[in-house]
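Please look through the model below with the strand pairing in mind, and then with the packing of side chains around it. The notes that follow are grouped by topic.

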Amino acid sequence: MTGDRPPLRAVIADDQALVRTGFKMILAADGIEVAAEAADGAEAVAAVRRTRPDVVLMDIRMPVMDGIEATRRILGGDGPSETRVIILTTYDLDQYVYAALTAGASGFLLKDVTPERLVSALRMVQSGDALLAPTITRRLIERFAVPEEPQTVAPHRDLSGLTPRELEVLRLLATGLSNAELASRLFLSPTTVKSHVGRILSKLDLRDRVQAVVFAYETGLIAPGGGAQ
């Protein structure tokens, strides 16, 4: 661990002891502290409230309480405000992953992730970045979103608080463009685009750009297939 890198603490939630042990060894080798382990969702919620980690590695299919409900409780109003959740799954583009993203998770990893990718993912999420590429997020949403029920998504968030430029950035972000692509499309500097994205997240009370993409689809701002409303 380098001296300028902030300390990182994690909780590992998986019902397979071998998986937990393997991940713990990988993280420890890079100087990441595993504050607690959990064999089910209920244990994960309790561990997070007790240890207040930076990041949770959360399996989806666990006994007692699944990873989706655990994620929802951890990221709810009474959970640690700075904790991020990364979903662990065996299958790419799983409908359960989409449910976890709507519950507030910052991204997902396949369980066969390389050690380097695992460590990089935790540090990326700790820094506030989203783990999923926007295009992957879009594929998930277009497959599983239910746009005809926008009332299920944070009705207190009002798009009228966004400026016309911020609304334009949100629409384009939701179609899968990176910050560099947004800058090129809008003839803006990458720094300006990053500022716009930051203000959008703040105004809509969203954790990261993954949540912004989910929000844009589920409120009908963008229709599955990429069409702006």
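Val11 stands opposite Val56 in E3, and Ala13 stands opposite Met58 in that strand; strands here, like helices, are DSSP runs numbered from the N terminus (E, at least two residues, for strands; H or I, at least four residues, for helices). This is a predicted model, in which local features need pLDDT of at least 70 and side-chain atom pairs count only at pLDDT 80 or more, while totals for chains, interfaces and linings use all residues. Residues are numbered from 1 along each chain as its sequence is written, and side-chain values use heavy atoms, with hydrogens and water left out.

**The sheet**

- Four bridges join E1 to E3 in a parallel arrangement, and E3 pairs with E4, also parallel, over five bridges, where two strands count as paired if DSSP finds at least two bridges between them.
- Val56 has Val85 of E4 as its bridge partner.
- The open sheet has five strands in the order E2-E1-E3-E4-E5, with parallel pairing.
- Because E2 and strand E5 (107–110) stand at the edges with a single partner strand each, one side of each is left without a neighbour in the sheet.

**Burial of E3**

- Five of the five residues of E3 are buried, meaning under 20% relative accessible area with a 1.4 Å probe, protein chains only.
- Both faces of E3 are covered, with Val55, Leu57 and Asp59 on one side and Val56 and Met58 on the other.

- Not counting residues up to four places away in sequence, Val85 touches Val56, Met58, Thr71, Ile74, Leu75, Ala105, Ser106 and Gly107, a contact being heavy atoms within 4.5 Å.

**The chain as a whole**

- The chain has ten helices and seven strands, and 47% of its 229 residues count as buried.
- Of the contacts in the chain with a separation of 6 or more, 67% are between residues 24 or more positions apart.

Notes
Buried < 20%, exposed > 50% of the residue type's maximum accessible area, 1.4 Å probe, protein only.
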